[in-house]
Amino acid sequence: MATGFAISRCSALAYQRAVVYLSRRQQFHALSSLTAKSRFLKLNNLTRNCSSSSNAPFIVAEDEKYGNKQVISITPRLYDYILANVREPQILRQLREETANMRGSQMQVSPDQAQLLAMLVQILGAERCIEIGVYTGYSSLAIALALPESGCLVACERDARSLEVAKKYYELAGVSQKVIVKHGLAADALKSMILNGEACRCLFKAAMILHLWMLKRG
Ligand SMILES: C[S@@+](CC[C@H](N)C(=O)[O-])C[C@H]1O[C@@H](n2cnc3c(N)ncnc32)[C@H](O)[C@@H]1O
């Protein structure tokens, strides 16, 4: 049986969450595309909580929302280092640069996070993935590029404007045949997949996590 993965990334506001479900042999496996929560901590939060000066190469922040766990923040210097060293495909770089000044661009996953997802797709031999929260498609494009030709990604996003950018890049990268775009609330997309008999334990788990998260948000 294929192994399930769960990695989590949270924002300071605890509302940004991208979840990817991967599977092989027709079964979905959970992989929340969530890694460095610190990247999403607000700068003022960091300044208030940091235990070293803002000139330091990194800041160790504490945030009571996360049980006062210490996290390492990505500073501009570290981010530059990542950009200089991560193997970011040209098409992803183009997307990142085009969307850098778009509203909400701070929600985009970082190049290292996207490459981690792509690597997990390859390690798992995943063929079926779900992404909840596509935004402009950075992580979903990384996943689609890593999927085999027979692979498929269900990409759920409620914001039409962001999806237009994502679709443009799926086309440009030549992966649009692997991506099923679901515009609307992810819960509806998951429900209809379950109703269509695509359910398995992990898809139910995903639906439940999403449901609880929405309840928490009110
Ligand atoms: C953190 S961003 C996703 C970043 C994206 N994975 C990337 O690589 O750029 C979260 C996205 O989830 C979308 N979203 C939030 N709640 C949603 C819901 N209930 N259904 C569908 N999309 C949702 C938002 O519109 C936003 O674009």
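## Helix contact: H3 and H5

Ile91, Leu92, Leu95 and Arg96 of helix H3 meet Tyr138, Leu141 and Ala142 of helix H5. By class, this contact of H3 with H5 holds six nonpolar residues, one charged residue and no polar ones. The model is predicted.

Two packed helices are described by the angle between their axes and the distance between those axes. H3 covers residues 90–99 and H5 covers residues 138–146. They pack at an angle of about 170°. Their axes lie 10 Å apart. Angles over 145 degrees count as roughly antiparallel, and H3 and H5 are therefore roughly antiparallel to each other.

## Strand pairing: S6 and S7

Strand S6 spans residues 152–157, and strand S7 spans residues 179–183. The two pair in the parallel sense, over five bridges. Glu157 has His183 in S7 as its bridge partner.

Helix H6 takes in residues 160–173. Together, S6, H6 and S7 make a β-α-β unit. The unit is right-handed.

## Confidence

The protein chain has a mean pLDDT of 74. Of its residues, 57% reach 70 or more. For the complex, the predictor gives an ipTM of 0.99 and a pTM of 0.73.

Over residues 1–54, pLDDT stays under 50. For this stretch the model has 135 contacts beyond four places in sequence.

Notes
Residues numbered from 1 in each chain as written. Predicted model: local features only at pLDDT ≥ 70, side-chain atom pairs only at ≥ 80, totals over all residues. Pairing = 2+ DSSP bridges. Helix = DSSP H or I, 4+ residues; strand = E, 2+ residues; numbered from the N terminus. Right-handed = clockwise from strand over helix to strand, strands pointing away. Axes fitted to C-alpha atoms, helices over the stretch in contact; angles between N-to-C directions. Parallel < 35°, antiparallel > 145°, perpendicular 65-115°, else oblique. Contact = placed C-beta atoms within 7 Å. Nonpolar A, V, L, I, M, F, W, Y, C, P; charged D, E, K, R; others polar. pLDDT = per-residue confidence, 0-100.
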